[in-house]
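Please read the following report with the sequence and the model open side by side.

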2 protein chains.
Amino acid sequence: MTRISFDEMKATIKQAFIIAGMPDDKADICARVHTESSRDGVYSHGLNRVERYVDYLGKGWVDPHAEPTLDTNLGAMEVYNGNMGPGILNALFAMNRATEIAEKNGLGLVSLNNTTHWMRGGAYGWLAAEKGFIGICWTNTESCMPAWGATSGGIGNNPFIMAVPRKEGHIVLDMAMSQYSYGKLQVTRLKNQKLPYPGGFDHNGNLSDDPGAIEETRRVLPIGFWKGSGFAILLDIISSLLSGGLTTAAIDKHDKGSCGSCCQVFIAINPLKINTQEFIDKVLNETIAQIKGGVPVKEKGDIYYPGENSLRTRKENTELGIQVDDGVWAKVKELAGKS
Amino acid sequence: MTRISFDEMKATIKQAFIIAGMPDDKADICARVHTESSRDGVYSHGLNRVERYVDYLGKGWVDPHAEPTLDTNLGAMEVYNGNMGPGILNALFAMNRATEIAEKNGLGLVSLNNTTHWMRGGAYGWLAAEKGFIGICWTNTESCMPAWGATSGGIGNNPFIMAVPRKEGHIVLDMAMSQYSYGKLQVTRLKNQKLPYPGGFDHNGNLSDDPGAIEETRRVLPIGFWKGSGFAILLDIISSLLSGGLTTAAIDKHDKGSCGSCCQVFIAINPLKINTQEFIDKVLNETIAQIKGGVPVKEKGDIYYPGENSLRTRKENTELGIQVDDGVWAKVKELAGKS
């Protein structure tokens, strides 16, 4: 495990994207978002995802030149076709546009059809919060999880994000519908460890904390059992109906890689249209005080609010350099022509 | 266990509410919603909740005459003060108003501050769907669940609802943030049964399926462990910021009963502003076909979509009469002066 500076990582990823066919300005933004994800500890969708993204560009599953085009304008709600452009750029555009609508009206909703993988969903929540807006967004995906009651895949592990701006550190929830990602199962198995809590079912149909057993059945656990299964289904249907785009069932048949031609929803709300800053501060501070004032599970243990750990990791990785897996870093340097 | 007809139950509840001080027309609507909840199998917030609601009216924690008043009008978004009126009536008003806004603009958001317990949150999702709208709503509540990392209560078991209209049966997710309600823990304990899946922590800090052990620690499990804890926190903060009303932390100090002076958010979207009915049907049918086409856990077992079981219970209770606990039914008849 090595640590790399933000600027070096970003420049290297950018070069890899340019070699893969992205225009300079677009490669720059995508490289920044990948680097920020690694910096914040979301390694899976940061540096670690660059090789696969370059592969998608090579296969034509992402059009590096495409830009979103307006399908429908309903005032507070706008629908765009993502034209299979870079998912990060489409999503940044959509959340930015939602905040522009909300700046005027208090509330803005922008949906995307025919877009591609947005990488770290939390990025767009942080973006909204950074601009002073409440942000809510989600995406649908291909299926990779059984619906409750089934042993075979059928529903998507659709991420859902809610973000609230706060000067001392934004409050950001970024969660997918499965208890653990396949990446987490793999990493845990390779360390010969058990999961901290059950994460799926084994071949006997029992709840299991053995990552290898769950990888074999592919019966990953939806959060809250039947509840997360239902939530995944509704996020999928609503993202399709709000954008006129493909459902999980249709993405499965589309075969353009993970999230190829998926749908996304971005909601922004301007809290200052309803409240004074003083009231907002009171709401946030009394809530965080109540959470942190609980009796910790471990003596002197910490109780975190959503997003707090990302900020801690961000601080550490900014000061010391961003942690990278040496093999992954070597591969990305190779893609950037630097090996 | 006895079965009572819809009309008899509704008339009895209505009489109890009138005796408790509600005007006839308001008692009629509230009695209908309580009866519909029992009819759909949500007994906890149907007939079983009438006695407690009458108690709240007696204590002045709900003002039976109050109506919502407009605080802020931002076009697609409106904020109302619930004036501590009946939570059911305020919530029906708010979701109906959201659909009126969405009828024009495609999207409507109505929030309520200073409202009271809405009983079954799903009622407002079903309402939106019945009118042909996608509905999303949630409420905050007093705290009754530890935040992740804590052993003491601090966050609310805030229900979250998503509903999509479908001619063959609406698709409705109605979930609270704890894996099981305290009511479910009690019922399971009284039957000397275990929970089907772990529902909280015991005194040793281990995950447990023993309802009594969880009732003792009050460490009920958020859905998805840390994820549901974070989701509860964000639902609370956003409902407060969207309505200018009280947070969970503030409701805890307010002391006007469960959900006294809580905040609620109602979003309605008109899917026909974006799609043809043909496209909508395709989205819904291909998704339900994919879910139901999975390999069931039990041979010949069923895989349900969200809301399907409510419809099955509704059908059965409509045909055979609504199941009631004899003691609860006797008590409500007494409150209605019929004992």
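## Strand 4 and its neighbours in chain B

B:Asn81 has B:Asn113, in strand 4 of chain B, as its bridge partner. The model is a predicted one, in which local features need pLDDT of at least 70 and side-chain atom pairs count only at pLDDT 80 or more, while totals for chains, interfaces and linings use all residues. Residues are numbered from 1 along each chain as its sequence is written, and chains are lettered from A and ligands numbered from 1 in the order in which they are written.

Strand 3 (residues 77–81) of chain B runs parallel to strand 4 of chain B, and five bridges join them; helices (H or I, at least four residues) and strands (E, at least two) are DSSP runs numbered from the N terminus, and two strands pair if DSSP finds at least two bridges between them. Together with helix 4 (residues 87–105) of chain B, these two strands make a right-handed β-α-β unit, where right-handed means that, with the strands pointing away from the viewer, the path from the first strand over the helix to the second runs clockwise. Strand 4 of chain B is also joined, by seven bridges, to strand 12 (residues 262–269) of chain B, and these two run antiparallel; B:Leu112 stands opposite B:Gln264 of strand 12 of chain B. Strand 4 (residues 107–115) of chain B is mostly covered, with nine of its nine residues buried (a residue is buried if 20 or more other C-beta atoms lie within 10 Å of its own, exposed if 12 or fewer, and partly exposed in between, with C-beta atoms placed from the backbone).

## The sheet of chain B

The open sheet of chain B consists of seven strands in the order 2-3-4-12-5-8-9, with mixed pairing. Its edge strands are strand 2 (69–73) and strand 9 (171–175) of chain B, each of which pairs on one side only. From one strand to the next the twist averages 15 degrees; axes are lines fitted to C-alpha atoms, for helices over the stretch in contact, and angles run from 0 to 180 degrees between N-to-C directions.

Strand 5 (residues 134–139) and strand 8 (residues 160–164) of chain B pair in the antiparallel sense over four bridges, and B:Gly135 has B:Ala163 of strand 8 of chain B as its bridge partner. Helix 5 (residues 122–130) of chain B packs on the sheet, where it touches strand 5, strand 8, strand 9 and strand 12 of chain B, and its direction makes about 20 degrees with that of strand 8 of chain B. Helix 8 (residues 226–243) of chain B also packs on the sheet, touching strand 3, strand 4, strand 5, strand 8 and strand 12 of chain B, and its direction makes about 85 degrees with that of strand 12 of chain B.

## The sheet of chain A

In chain A, an open sheet of seven strands has the order 2-3-4-12-5-8-9 and mixed pairing, with strand 2 (69–73) and strand 9 of chain A as the edge strands. Seven bridges join strand 4 of chain A to strand 12 (residues 262–269) of chain A in an antiparallel arrangement, and A:Leu109 stands opposite A:Ile267 in strand 12 of chain A. Helix 4 (residues 87–105) of chain A packs on the sheet, touching strand 3, strand 4, strand 5 (134–139) and strand 12 of chain A, and its direction makes about 160 degrees with that of strand 4 of chain A.

## Two copies and their interface

A rotation of 180 degrees, with 0.0 Å of shift along its axis, superposes chain A on chain B with an RMSD of 0.0 Å (by least squares on the C-alpha atoms of residues with pLDDT of at least 70 in both copies). The two copies are therefore related as by a two-fold rotation axis. In chain A, the C-alpha nearest the axis is that of A:Gly224, 2.4 Å from it. The same surface serves both copies, since 100% of the contact residues of chain A recur in chain B.

In all, 70 residues of chain A are in contact with 70 residues of chain B, two residues being in contact if their C-beta atoms, placed from the backbone, lie within 7 Å. Among the elements of chain A that each supply at least two residues to the side touching chain B are strand 7 (153–156), helix 9 (248–254) and helix 10 (277–292). Helix 8 of chain A gives the most to that side, with twelve residues.

## Domains and a loop residue

The domain assignment of chain A, of automatic or database origin, gives domain 1 (2–59 + 312–335), domain 2 (75–178 + 223–273), domain 3 (186–221) and domain 4 (277–305). The centres of domain 3 and domain 4 of chain A, taken over C-alpha atoms, are separated by 33 Å.

A:Thr276 is placed in the loop between strand 12 and helix 10 of chain A, and A:Thr276 is exposed, with 11 other C-beta atoms within 10 Å. The C-alpha atoms of A:Thr276 and A:Ser178 are separated by 37 Å, the two residues being 98 residues apart along the chain.
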